[in-house]
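This briefing sets out selected structural features of one protein, grouped by topic. Please keep the sequence and the structure in view while reading.

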Amino acid sequence: MGTEEEDEDELSARYKNTLDALSSLITKRTRFTNNNQSHRFHLLFHYLKVLELEDAVSQMKIIHVAGTKGKGSTCTFTESILRCYGLRTGLFTSPHLIDVRERFRLNGIEISQEKFVDYFWCCFHKLKEKTSNEIPMPTYFCFLALLAFKIFTTEQVDVVILEVGLGGRFDATNVIQKPVVCGISSLGYDHMEILGYTLAEIAAEKAGIFKNGVPAFTVPQPHEAMHVLNEKASKLGVNLQVVEPLDSSQRLGLQGEHQYLNAGLAVALCSTFLEKINIEDKNGLNQTSGIPEKFISGLSNAYLIGRAMIVPDSELPEEIVYYLDGAHSPESMDACAIWFSKQIKQNQERNQKRSEQILLFNCMSVRDPRLLLPRLRSKCIDHGVDFKRAVFVPNVSVYNQVGSWSSNVDQRVDSVTWQFGLQRLWESLARGEAKYNSKGKEEEKSLVFSSLPLAVDWLRENARRSKQVPFQVLVTGSLHLVGDLLKLIRK
């Protein structure tokens with residue numbers, strides 16, 4: 001027994017050392033230009049050569065997915081469906097919420113600590129030996145993409161589902177030359193300082209994953225974006241098809257109306273992939289939906305941490321329920337608000353009991369809260385849900401979570417100055433609405449806490465005092481905030 005404990009302690013220490021080494025690859029975020037993006041991107045081919053992965057990667061069967069929102073969900077649905085066909089799957093997604101190993105899933109399960117440590121050091125040492133002034137170590141995300149290729153080729157998976165990290169054209173995942181099929185989920189405004197300030201520019205970056213003659217699918221897009229996607233596809237001889245949302249009668253493992261769009265895209269990607277590798281499923285069609293039973297099973301069992309999750313508080317499960325969604329773009333705020341409002345309405349119909357809705361929010365300083373909070377608030381009010389209070393907190397993990405984008409943003413996020421700014425914006429929205437509110441309703445109270453644990457303590461203390469009125473807490477604005485809360489309430 002002692003030996004087992006010693007082994008565990010040793011693995012734990014090795015894993016911590018591994019995360020420290022990984023952290024060393026996080027670079028100070030500099031202004032991105034096409035030149036330095038292009039230079040970094042072309043270094044990837046050299047890194048593949050150093051790791052002796054060129055041939056193995058060229059033989060991998062890959063589904064490649066880009067987009068502004070919904071790409072992680074699309075990849076999750078896709079992986080879940082293909083696993084139902086008995087295929088050994090490798091899924092690479094980002095970001096992670098609690099542990100970096102979430103980014104690497106083998107057959108739907110995140111890679112073990114032991115395997116992660118072994119693969120990490122194998123790649124790290126080989127690359128370190130070949131570094132020079134001209135060829136530095138890969139940056140954090142580039143390294144993780146290379147590590148994914150190492151893991152999936154060695155583990156001999158049948159299919160790799162690759163989610164683009166940022167953009168497409170110069171993304172580290174785009175080092176692949178011949179995927180089986182490509183997908184582009186909904187496009188919108190995000191990371192504009194890198195990808196461009198118009199939908200046309202953003203679409204051009206995302207379309208960078210198109211490869212000559214490789215079929216591609218997308219969902220209905222704004223005209224400006226669709227025009228560019230069609231243009232880029234046409235130049236490369238890509239058969240680009242637009243897929244419609246799946247019928248809403250289909251049960252999905254991921255919650256929210258917007259998921260029917262992502263599920264429709266996943267179905268198209270899987271159908272094409274299975275056809276290309278000569279697996280056809282004409283016999284298993286469900287009579288109602290016309291979709292094979294294995295697709296239905298994959299769609300209904302898909303699971304993605306931090307997206308439309310409902311988690312009761314570990315200490316007060318009856319009094320506090322958290323509604324977690326890592327929405328952080330204007331469009332995903334709309335989807336989050338609709339999902340939350342729908343859940344609240346269904347809950348009220350079932351229980352016939354009064355409850356209080358509370359917002360727990362933070363966003364990074366690279367986001368514009370003026371584009372997020374008004375959308376969230378007005379969309380909830382449109383659906384008959386009003387927040388009794390709003391609570392603003394900093395993220396716990398701004399500087400200690402390996403590889404969060406936030407590691408590279410300015411100090412404002414780590415101080416409550418930013419949170420007070422969010423509070424002022426919220427209060428101004430409340431005052432603006434109060435002018436038009438003839439009922440003379442009391443304005444919502446808003447609070448700022450210097451840490452997330454303090455905010456959770458406050459929620460629990462208040463919930464204990466008002467036991468008759470349960471709290472339904474929407475936690476959103478940042479994936480990292482969602483991850484921090486999950487860690488905190490699961491302790």
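Which residues point one way from β1, and which the other way? Ile-62, His-64 and Ala-66 point one way, Ile-63 and Val-65 the other, and all are buried; buried means under 20% relative accessible area, exposed over 50%, and partly exposed in between, with a 1.4 Å probe and protein chains only. The model is predicted: local features need pLDDT of at least 70, side-chain atom pairs count only at pLDDT 80 or more, and totals for chains, interfaces and linings use all residues. Residues are numbered from 1 along each chain as its sequence is written, and side-chain values use heavy atoms, with hydrogens and water left out.

**Overall composition and confidence**

- The protein has 16 helices and 14 strands; helices (H or I, at least four residues) and strands (E, at least two) are DSSP runs, numbered from the N terminus.
- Of its 491 residues, 57% count as buried.
- Among contacts between residues at least 6 apart in sequence, 77% join residues at least 24 apart; contact means heavy atoms within 4.5 Å.
- The average pLDDT is 86, and 87% of the residues score at least 70; pLDDT is the predictor's confidence in each residue, from 0 to 100.
- Over residues 398-413 pLDDT stays under 50, and the model has 48 contacts beyond four places in sequence for this stretch.
- Over residues 435-440 pLDDT also stays under 50, and here the model has 0 contacts beyond four places in sequence.
- Where pLDDT is low, the predicted coordinates should not be read in detail.

**Strand β1 and its partners**

- Strand β1 covers residues 62-66 and is mostly covered, with 5 of its 5 residues buried.
- β1 and β5 run parallel and are joined by 4 bridges; two strands pair if DSSP finds at least two bridges between them.
- Within this pairing, Val-65 stands opposite Glu-163 in β5.
- β1 also runs parallel to strand β6 (residues 181-184), to which 4 bridges join it.
- The bridge partner of Ala-66 in β6 is Ile-184.

- Strand β10 (residues 320-324) is largely enclosed by the rest of the structure, because 5 of its 5 residues are buried.
- Both faces of β10 are covered, with Ile-320, Tyr-322 and Leu-324 buried on one side and Val-321 and Tyr-323 buried on the other.
- β10 pairs with strand β9 (residues 309-312) in the antiparallel sense over 4 bridges, and Leu-324 is the bridge partner of Met-309.
- β10 pairs with strand β14 (residues 471-476) in the parallel sense over 5 bridges, and Leu-324 stands opposite Val-475 in β14.

**Packing of helices α12 and α13**

- Two packed helices are described by the angle between their axes and the distance between the axes.
- Helix α12 (residues 330-351) packs against helix α13 (residues 369-382) at an angle of about 30 degrees, with the axes 8 Å apart; axes are lines fitted to C-alpha atoms, for helices over the stretch in contact, and angles run from 0 to 180 degrees between N-to-C directions.
- That angle makes α12 roughly parallel to α13.
- The contact involves residues of α12 including Met-333, Ala-337 and Phe-340, and residues of α13 including Leu-372, Arg-375 and Leu-376.

**Two buried helix residues**

- Ser-80 lies in helix α4 (residues 71-83) and counts as buried because its relative accessibility is 3%.
- Leaving aside neighbours within four places in sequence, Ser-80 is in contact with Gly-298, Asn-301 and Ala-302.
- Phe-124, in helix α5 (residues 113-129), is buried with a relative accessible area of 9%.
- With neighbours within four places in sequence left aside, Phe-124 is in contact with Ala-21, Ser-24, Leu-25, Met-137 and Phe-143.
- Phe-124 and Met-137 are 13 residues apart along the chain, and their C-alpha atoms are separated by 8.7 Å.

**Backbone features in loops**

- Most residues other than glycine have a negative phi, and most peptide bonds are trans.
- A cis peptide bond with omega of about -5 degrees joins Ser-94 and Pro-95; Pro-95 is in the loop between β2 (89-92) and β3 (104-106).
- Asn-107 has a positive phi, near 55 degrees, and lies in the loop between β3 and β4 (109-110).
- Asn-107 is partly exposed, with a relative accessible area of 29%.
- Gln-156, not a glycine, has a positive phi of about 55 degrees, and its place is in the loop between α6 (140-154) and β5 (159-163).
- Gln-156 counts as exposed at 63% relative accessibility.

How values were computed. Angles under 35 degrees count as roughly parallel, over 145 as roughly antiparallel, 65 to 115 as roughly perpendicular and the rest as oblique.
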